[in-house]
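Subject: Structure for you to look at

Hello,

Here is the structure I promised to pass on. Please open it first, then read my notes below.

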Amino acid sequence: MSTPRIAGGELNYAGIGATENGVPPEGSDCLVTQASVGDGEAAYRRAVQGLLTWQLHKRAGLRVRAESDVVVPGTRVVSGFGVGPFRINAPCEVVWVRRPVPGGGPQSAGFGYGTLPGHPVRGEEAFEISIDAQGMVTITITAFGGPSNWFYAAGGAVSRRARRHVTSRYIRSAQELAAGVG
């Protein structure tokens, strides 16, 4: 007997996997945020380890329930944000993963996940940690999509503010992971 999934339904948007190649579906609202998180190979490895074990999300203040402790394609995850009756659950499924490669040099690692029924938006979000030839470590967060229903569409300004707030928390979390804090 198989274990029931933590979130039902199927991916519910056009352009599944588009965050991996950087080309969002035509007509979708796309936001790309990039920030420096540290310097050096050790910082890169720490940040990637935290990203691929859901620590980036947990440190950003989200409640995370995932089918796997490690990010793998097909894993379903339900992130929750808010307080009490104002908590919103956001079910997603991991659609791609890029793991770090051994050795040094420029590279990136990360994953993208897409929305499932019950998520406030329909679309995809990706998190990538990269290191360049000079050792600068950055995080890039790419998201595309739109509101899943009229209720979330009506709260456009609130949704945009919430997105900026959560993104800033992801960046701070990545900086802490890279620095080896906590």
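Two strands count as paired if DSSP finds at least two bridges between them. Keep that in mind for the sheet pairings below. One caution before that: this is a predicted model.

**Overall make-up**

The chain has five helices and seven strands. Read from the N terminus, the order is α-β-α-α-β-β-β-β-β-β-α-α. Of the 182 residues, 42% are buried. Take the contacts between residues at least 6 apart in sequence: 62% of them join residues at least 24 apart. The exposed surface comes to about 9,300 Å², and carbon and sulfur atoms supply 56% of it.

**Strand pairings**

Strand β3 covers residues 76-81 and β4 covers residues 88-98. Six bridges link these two strands, in the antiparallel sense. In that pairing, Val-78 has Pro-91 of β4 as its bridge partner. Strand β4 also pairs with β5, residues 107-115. That pair is antiparallel too, again with six bridges. Here Arg-98 stands opposite Gly-110 in β5.

**The core**

Which residues have the most contacts inside the largest nonpolar core? They are Phe-111, Tyr-113, Ile-129 and Ile-139, in a core of 32 residues. Several elements supply at least two residues each to this core, including β1 (29-39), α2 (41-51), β6 (121-131), β7 (136-147) and α5 (156-179).

Look closely at Ile-139. Leaving out residues up to four places away in sequence, Ile-139 touches Thr-33, Gln-34, Ala-35, Val-37, Leu-56, Glu-128, Ile-129, Tyr-170, Ile-171 and Ala-174.

**Helix α2**

Six names to find in α2: Ala-43, Tyr-44, Ala-47, Val-48, Gly-50 and Leu-51 are buried. They lie on the same side of α2, because they cover an arc of only 160° around the axis. An α-helix has 3.6 residues a turn, so residues three or four places apart point the same way.

**Thr-140**

Is Thr-140 buried or exposed? Its relative accessible area is 15%, and buried means under 20%, so Thr-140 is buried. Thr-140 lies in strand β7. The side chain of Thr-140 makes a polar contact with the side chain of Gln-34, at 2.9 Å. Beyond four places in sequence, Thr-140 touches Val-32, Thr-33, Gln-34, Ala-126, Phe-127 and Glu-128.

Best wishes

Key
Residues are numbered from 1 along each chain as its sequence is written. This is a predicted model: local features need pLDDT of at least 70, side-chain atom pairs count only at pLDDT 80 or more; totals for chains, interfaces and linings use all residues. Side-chain values use heavy atoms; hydrogens and water are left out. Helices (H or I, at least four residues) and strands (E, at least two) are DSSP runs, numbered from the N terminus. A nonpolar core is a set of buried Ala, Val, Leu, Ile, Met, Phe, Trp, Tyr and Cys residues joined through side-chain atoms within 4.5 Å. Buried means under 20% relative accessible area, exposed over 50%, partly exposed in between (1.4 Å probe, protein chains only). Contact means heavy atoms within 4.5 Å. Accessible areas come from the Shrake-Rupley method with a 1.4 Å probe; for residues, only the protein chains shown count as cover. The arc is that of the directions from the helix axis to the C-beta atoms. A polar contact is a pair of N or O atoms within 3.5 Å; within protein, one must be able to donate a hydrogen and the other to accept it, and residues adjacent in sequence count only if both atoms are side-chain atoms.
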